[in-house]
Amino acid sequence: MATCWRTVAAVSLGTLFSWYDFFLHGVMAALLAHHFFGAGDFGVDAPSALFMLSLLNFTAGFVVRPAGALLFGRLGDMIGRKYTFLITLLVMGLSTCAIGLLPTVASVGMAAPVMLVLLRLLQGLALGGEYGGAVVFVAEQAPPGRRGLHTACVQATASLGLAMALAVVLLLRALLGEVNFIEWGWRLPFLLSAVLLALGVWVRLSMSESPVYLALRQRGGASRMPIREAFGHREPLRRALLLLFGAVAGQAVVWYACQFHALFYLVEVLQVDEVQAQVMLLLALLLGAPLFPLFGALSDRIGRRPVLLGGLLLAAVGLIPVFDAMVAATVITPSGSGQIDRLHGVGLLLLLLLPVAMVYAPLAAWLTESFPARIRYTAVSLPYHLGNGWFGGLVPVIAFASLSHGEVARHGLLYPVAVACLSALVGGLWLRDLPAARRRGPLG
């Protein structure tokens, strides 16, 4: 049991660093817009054209994630889990460090945003391979009856990676002062990735390959064409599509609407001070972290399907009322800025994390249980990153595009609510859990 938890800790540490790298751009979207897309006054006219450009660049990393899922998923099924997601960690860490070294638009003109976009695409490719390797590696070594709990700890690293990015940015802002941070200190969170990369590589080199994959290789069962096997035959393709539309798409829009869009909404729509909004979200993320293993363990007992579908329905009925409550709790000052009681704000953000944990905690176990070992890395990665890259990653852009056309602010929430309802319908009608005996048994 101790060995299993060491595996969970080692994998989660590297995955945490990868999420930190990927989400830094979102945390500093307005500031990066200033340095890479031209000078502007951010947070005054919400949403500004420059902020939208930065959001589109943020989204570029999501769009290429399915390509990374196919590229690294294929490698993971052909050469092994361990070394594949060691490569993804290297690509992610080096890309992030490079962002911290980029010249700005004031120095090199249009070459600056081009380089930023290219590095953002590399981050997206790396994350496309990182997630599948991490959850498959942990799921294949989890003890019987604990797969939901163990993989939910890896799932928690996504929110904790966002929390880590927020914490680092807030700490550096406080230490350096706002002027220094805006001028040059913004580079430091990206450069910190060099230290995290070294630690992550050291930890992953010390790990052993998944015993399930080793046994598969020893009996000559590893796939030579995992993409064709996973998506070129009717039954695995049908299963992947059902999981995409019946679980992952809904999970994705809930995750990004309740965390990233909530942060952007506070700052860009309600005009709440950016630091105050980041502090509130950081506190909510830390307080909500235990919800992930809680719902992962619950899915071991009652099944993945009821926990995840329950989270989708909760988000569908609760998302707009919670955002309305956020509006009601915000007081507009004579200067036009928004003020919200910190305790009230943290409580509302924590309320949004409840459906996030319900939909995300059981997802990894459900995905890994749905496919055989010889194609598992590929088959898990693609539907996950199609859902999160294309459905979830578009939440902030769609929400703010609706604002730019003069729509009421809450109209931006109709997209995640509609997708959550669609997933609940598809998942409720056509998706089923494994039988309890197989769900609680070893993963072959």
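Select Glu 229. At 24% relative accessibility, Glu 229 counts as partly exposed; that class lies between buried (under 20% relative accessible area) and exposed (over 50%), with a 1.4 Å probe and protein chains only. This is a predicted model, in which local features need pLDDT of at least 70, side-chain atom pairs count only at pLDDT 80 or more, and totals for chains, interfaces and linings use all residues. Residues are numbered from 1 along each chain as its sequence is written, and side-chain values use heavy atoms, with hydrogens and water left out.

**Salt bridges**

The term needs a side-chain nitrogen of Lys or Arg within 4 Å of a carboxyl oxygen of Asp or Glu. Glu 229 lies in helix α13 (residues 226-231) and Arg 374 in the loop between α20 (363-369) and α21 (376-392), so the pair ties together parts that are 145 residues apart in sequence. Helices here are DSSP runs of H or I, at least four residues long, and strands are runs of E, at least two; both are numbered from the N terminus. Arg 374 is partly exposed too, at 28% relative accessibility.

Next, select Asp 77, Arg 81, Glu 140 and Arg 376. Salt bridges that share partners join these four into one network. Zoom in on Asp 77 and Arg 81: their side chains form a salt bridge of 3.0 Å, N to O. Asp 77 is buried, at a relative accessible area of 0%. Arg 81 also counts as buried, at 0%.

Move to Arg 204 and Glu 130. This is another salt bridge, with the closest N and O atoms 2.6 Å apart. Arg 204 sits in helix α11 (residues 193-205) and Glu 130 in helix α7, so the pair links parts 74 residues apart in sequence. Both Arg 204 and Glu 130 are buried. Over the whole structure, a search finds 12 salt bridges. In general, side chains of opposite charge can pair when their charged atoms come close.

**Around Glu 140**

Go back to Glu 140. Which loop holds Glu 140? Glu 140 is in the loop between α7 (111-139) and α8 (147-176). Glu 140 is buried, with a relative accessible area of 6%. Show its polar contacts: pairs of N or O atoms within 3.5 Å, where within protein one must be able to donate a hydrogen and the other to accept it, and residues adjacent in sequence count only if both atoms are side-chain atoms. One joins the side chains of Glu 140 and Ser 210, at 2.5 Å. Another, at 2.8 Å, joins the side chains of Glu 140 and Arg 376.

**Aromatic rings**

Now colour the aromatics. The whole structure has 19 aromatic pairs. Rings of Phe, Tyr and Trp (its six-membered ring) pair if their centres lie within 6.5 Å; planes under 30 degrees apart count as stacked, over 60 as edge-to-face and the rest as tilted.

Return to the list and pick Trp 19 and Phe 23. Among the 19 aromatic pairs, theirs has ring centres 5.2 Å apart and planes at 20 degrees, so the pair is stacked. Both residues lie in helix α1 (residues 2-27), four residues apart, about one turn of the helix. Trp 19 and Phe 23 are both buried.

Jump to Phe 36 and Trp 186. Their ring centres are 5.7 Å apart and their planes at 90 degrees, so this pair is edge-to-face. Phe 36 lies in helix α2 (residues 29-36) and Trp 186 in the loop between α9 (178-185) and α10, so the pair ties together parts that are 150 residues apart in sequence. Phe 36 is buried, at 0%. Trp 186 is buried as well, at 0%.

Then show the aromatic cluster that includes Trp 19, Phe 22, Phe 23, Phe 62, Tyr 131 and Trp 255. Stop at Phe 22. The charged end of Arg 120 sits over the ring of Phe 22, 4.0 Å from its centre. The criterion is NZ of Lys or CZ of Arg within 6 Å of the ring centre and within 35 degrees of the ring normal.

**A backbone stop**

Select Gln 271. Phi of Gln 271 is near 60 degrees, a positive value in a residue other than glycine. Most residues other than glycine have a negative phi. Gln 271 lies in the loop between α15 (260-269) and α16 (274-288). Gln 271 is buried, with a relative accessible area of 17%.

**Last stop: the surface**

Select Leu 101, Trp 184, Leu 188 and Leu 191. They make a nonpolar surface patch of about 370 Å². Patches are made of residues with over 30% relative accessible area and no salt bridge; like charges are joined within 9 Å, nonpolar side chains (Val, Leu, Ile, Met, Phe, Trp, Tyr) within 5 Å. Areas come from the Shrake-Rupley method with a 1.4 Å probe; for residues, only the protein chains shown count as cover. Finish on Leu 191, in helix α10 (residues 187-191). Leu 191 is partly exposed, with a relative accessible area of 31%.
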